[in-house]
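Hi,

Here is the structure I said I would pass on. Have a look at it first, and my notes on what turned up follow below.

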Amino acid sequence: MRPIHRTPYEHKTVWKFLKRIPNLTSQLNDKHLKTLSKTVFSETWLKGSTVIANDGFYVILKGLARPQTNVYKNLIEGSDSPVSFIPQSFHSFILSEKFKNSTLAEMCLPSYDSMLSKWSTFGTLEVIPQIELGTQMFSVVTEDDCEVLKIPAKGYAKIKEEKIKIENMQKLKLIHKCPYYEEWPTLSIYELIALLKWKKFPPGHVIVESGNIISFVGYINSGCCNIYRSIIGFVKLQSNKVKRTQKLVYMGQLKEKESFGEISVLLQVPFACTVITEKEVEMAIIEDKDLF
């Protein structure tokens with residue numbers, strides 16, 4: 001049934017089904033799966049059909065399919081988990097009569113163990129540019145009459161676009177609320193947004209030590225960091241001698257919606273204090289190499 005004809009209950013059923021597919025749940029969050037469930041539909045392919053999977057991500061519901069080579073490549077979120085992505089361009093080379101009898105054929109042709117069966121996945125969620133469609137295709141050949149579930153790559157592309165918009169809005173709000181940036185024009189902040197990356201630091205992590213040049217500018221989204229100044233003190237020993245020692249003295253905190261590191265990075269001057277996370281901190285950072 002096409003997505004447009006499904007009821008809300010049926011959409012929910014499809015969403016629950018997608019949550020059972022490891023190659024999706026390991027790389028997409030629940031919200032994205034729910035959105036994808038509204039684009040999914042099923043297809044039936046007769047035995048001996050070549051399924052070109054360059055425009056979507058496929059899940060086999062029934063039957064067996066054979067990859068055209070044993071080449072595997074995952075394009076979901078740039079990860080490397082073992083989802084089958086089969087280049088069509090290998091097909092004519094591997095199946096030529098001369099090649100079939102060679103030792104190399106035994107190494108390259110898929111064995112029965114590499115057959116794709118129920119719940120196996122293949123294809124891509126990345127939209128392939130039109131100019132590459134003729135040279136970069138992904139395909140399998142059905143060994144039985146097969147029923148497959150298809151997730152169109154264009155549906156996933158819309159999710160990624162929406163995700164980027166939401167993240168950019170979060171970054172914009174974060175920077176605008178930092179004291180030194182309140183009067184900045186929005187267009188100028190957007191130039192920074194293009195360089196920002198989210199990063200988390202565990203409690204007790206030393207962000208930068210006194211005397212060192214920090215490697216990034218940070219904008220704290222959640223959590224806080226303690227600031228310490230290093231001082232030289234003297235401790236009296238039992239032998240009435242005095243020992244010189246270095247201590248960290250608490251000076252204050254860097255809190256949510258505050259930034260730090262701009263002067264150290266831009267002027268390449270050492271940080272005057274040591275900054276240590278008090279609890280887990282999430283911040284948006286711009287690395288020095290990107291800022292330069």
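**Salt bridges, strands and rings**

Lysine 150 counts as buried, at 8% relative accessibility. Bear in mind as you read on that this is a predicted model.

That lysine has a charged partner, by the way. Lysine 150 and aspartate 55 meet through their side chains in a salt bridge, 2.9 Å from N to O. Lysine 150 belongs to strand E7 (residues 146-152) and aspartate 55 to the loop between strand E2 (50-52) and strand E3 (56-62), so the bridge ties together parts that are 95 residues apart in sequence.

The structure holds 8 salt bridges. Another of these joins the side chains of lysine 19 and aspartate 30, at 3.7 Å from N to O. Here lysine 19 sits in the loop between helix H1 (8-18) and helix H2 (22-25), with aspartate 30 in helix H3 (residues 30-36), so parts 11 residues apart in sequence are tied together. Lysine 19 is partly exposed at a relative accessible area of 38%, and aspartate 30 is also partly exposed, at 35%.

Then there is glutamate 287, which forms a salt bridge with lysine 197; their closest N and O atoms are 3.6 Å apart. This pair links distant parts of the chain, with glutamate 287 in strand E15 (residues 281-287) and lysine 197 in strand E8 (residues 197-201), 90 residues apart. Both ends are partly exposed: glutamate 287 has 23% relative accessibility, and lysine 197 has a relative accessible area of 36%. The two also belong to a network of salt bridges that links Lys197, Glu287, Lys289 and Asp290.

What surrounds E15? As 5 of its 7 residues are buried, E15 is largely enclosed by the rest of the structure. E8 and E15 run antiparallel and are joined by 5 bridges, and within that pairing lysine 197 stands opposite isoleucine 285 of E15. E15 also pairs in the antiparallel sense with strand E10 (residues 216-222), over 6 bridges. There, glycine 218 has isoleucine 285 as its bridge partner in E15.

On to the rings: the count comes to 7 aromatic pairs. One of them is phenylalanine 17 with tryptophan 119, a tilted pair at 5.4 Å centre to centre and 45 degrees between the planes. Phenylalanine 17 lies in helix H1 and tryptophan 119 in the loop between helix H6 (103-108) and strand E5 (121-123), so this contact ties together parts that are 102 residues apart in sequence. Phenylalanine 17 is buried, at a relative accessible area of 15%, while tryptophan 119 is partly exposed, at 42%.

Elsewhere, Tyr181, Trp184 and Tyr219 form one aromatic cluster.

A last one for you: which ring does lysine 34 lie over? It is the face of tryptophan 15, with lysine 34 at 4.3 Å from the ring centre. Lysine 34 has its place in helix H3 and is partly exposed, with a relative accessible area of 39%.

Cheers

Conventions: Residues numbered from 1 in each chain as written. Predicted model: local features only at pLDDT ≥ 70, side-chain atom pairs only at ≥ 80, totals over all residues. Heavy atoms only, no water. Salt bridge = Lys/Arg side-chain N within 4 Å of Asp/Glu carboxyl O. Helix = DSSP H or I, 4+ residues; strand = E, 2+ residues; numbered from the N terminus. Buried < 20%, exposed > 50% of the residue type's maximum accessible area, 1.4 Å probe, protein only. Pairing = 2+ DSSP bridges. Phe/Tyr/Trp six-rings, centres within 6.5 Å; stacked < 30°, edge-to-face > 60°. Lys NZ or Arg CZ within 6 Å of the ring centre and 35° of its normal.
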